[in-house]
Amino acid sequence: MSSRADLIVGLQWGDEGKGKIADHMAQTYDFVCRFAGGHNAGHTIVVNGKKHALHLIPSGILNPKAKNIVGNGVVLSPHNFIEEMSQFDNLEGRLFISDKAHILLPHHALLDQAKEIRKGDKAIGTTGKGIGPAYSDKIARVGHRVGELFDCEKLASKIIKYFEHHSNIFIDIPIPNRDELMEELKGYRDILSPYITDTTQLIWRVLDEEKRVLLEGAQGTMLDIDHGTYPYVTSSTTISAGACSGLGINHRDIGEVTGIAKAYCTRVGNGPFPSEDLGEDGERLRVNGHEFGTTTGRPRRCGWLDAVALRHAVRINGVDQIALMKLDVLDGFNEIKVCVAYEINGKRIDYIPYDLEDAKPIYKKFEGWDNSAGIRDFNRLPAGAKEYIFAIEEMVKCRVGVVSTGPDREDTIIRE
Ligand code: IMP
């Protein structure tokens, strides 16, 4: 018998509060694994008054008993990873990096930023970290993998050849100096080699040993390369299926799926967001919810819960329970809206169509409530808040098993 790995996944456009739930859940797991994305992701976790910024390292790092895996589906910037590692002591034996993860190099970020400038008002609004170019190289089969760091000489030659082949695109990006590149790669190798391993074999072994494994998604379903609002998406498979390819496990290895959704909606960057509120309510959500990006500091676009997108996300990820985050941010509104369908070219649509660009929201209104902040018992929530949660369960066809009412680890209601 082997155990099954539980999974947490973002159900909206990222920033749903996965960090808080991952941190909460990671306390009871032996292994926490990242399967997609790169240092575009980010969350801050406060433990014993000390702030930790996590971008690439899984949340289990804050539980001294948990081990952490960075899977092959991740694009890893050695420079940023090493910087992030420096926040922690004694990582050896607690952190494992897949030898098959792709390396994100500084020129990927330069290319990302240059492409965005060239796109003008059609820019995606990326984090500028080089995620798209790194995944493009992977898919075009010209990428470099972490395991190649074990032969820096060969890797340096390969990188220089890669630059020569791309000289028509890299107009402002010079070919690296071979000696400097060798030094840089050796520096990465010296620090990272104790952590690099075949993480697929490792995860199979720990599942066979019936260890408790948590798979930690990054970004959100609506940013998925296939199922999000393309092209305004990130470049990886953010949905639960990405855990299989991004770690080398099969669908039967996956156990309980917890989908994370905010009680309202936010999005960073450009692209369709039908339930965005550009007025006072949106501003109030931004201020009350502190909706500014962790990685880029950008103000997030804010709006009402989109039940159509949430239902889509529940189905596509096979969600068993929803963790509904930041319910308290809705405290004090007289009226709360939920997008229950879209109007597109005069037609009512209640699923995610090919293109959301012209979708207008059709809202259902709910009465507001006061004082849900800090409540830790479901029965003590204001009646309006309970009604809202029951209505969401009905609309998206999924149980809300966890409700978060504040930033503290303890401001979390677990419903039996
Ligand atoms: P990229 O992942 O940097 O290429 O950015 C592509 C899109 O995904 C942009 O709209 C970003 O704002 C968005 N994005 C990437 N990472 C995150 C995240 O962690 N939270 C929210 N949005 C993100």
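**Exercise 1. Find how many residues helix α5 has and what span it reaches.**

Helix α5 covers residues 152-165 and has 14 residues; a helix here is a DSSP run of H or I with at least four residues, numbered from the N terminus. From first C-alpha to last, α5 reaches 20 Å, close to the 20 Å expected at 1.5 Å a residue. That expected span is 1.5 Å times one less than the number of residues.

Before going on, note that this is a predicted model, where local features need pLDDT of at least 70, side-chain atom pairs count only at pLDDT 80 or more, and totals for chains, interfaces and linings use all residues. Residues are numbered from 1 along each chain as its sequence is written, and side-chain values use heavy atoms, leaving out hydrogens and water.

**Exercise 2. Work out which residues of α5 are buried and where they lie.**

Step one: list the buried residues (under 20% relative accessible area, with a 1.4 Å probe and protein chains only). They are C152, L155, A156, I159, I160, Y162 and F163.

Step two: look down the axis of α5. The buried residues fall within an arc of 155 degrees, so they line one face of the helix. The arc is taken from the directions from the helix axis to the C-beta atoms.

**Exercise 3. Identify what covers the buried residues of α5.**

The cover includes β8 (102-103), α3 (106-119), α4 (131-139) and α6 (178-192). Contact means heavy atoms within 4.5 Å, and a strand such as β8 is a DSSP run of E with at least two residues.

Key:
Buried < 20%, exposed > 50% of the residue type's maximum accessible area, 1.4 Å probe, protein only.
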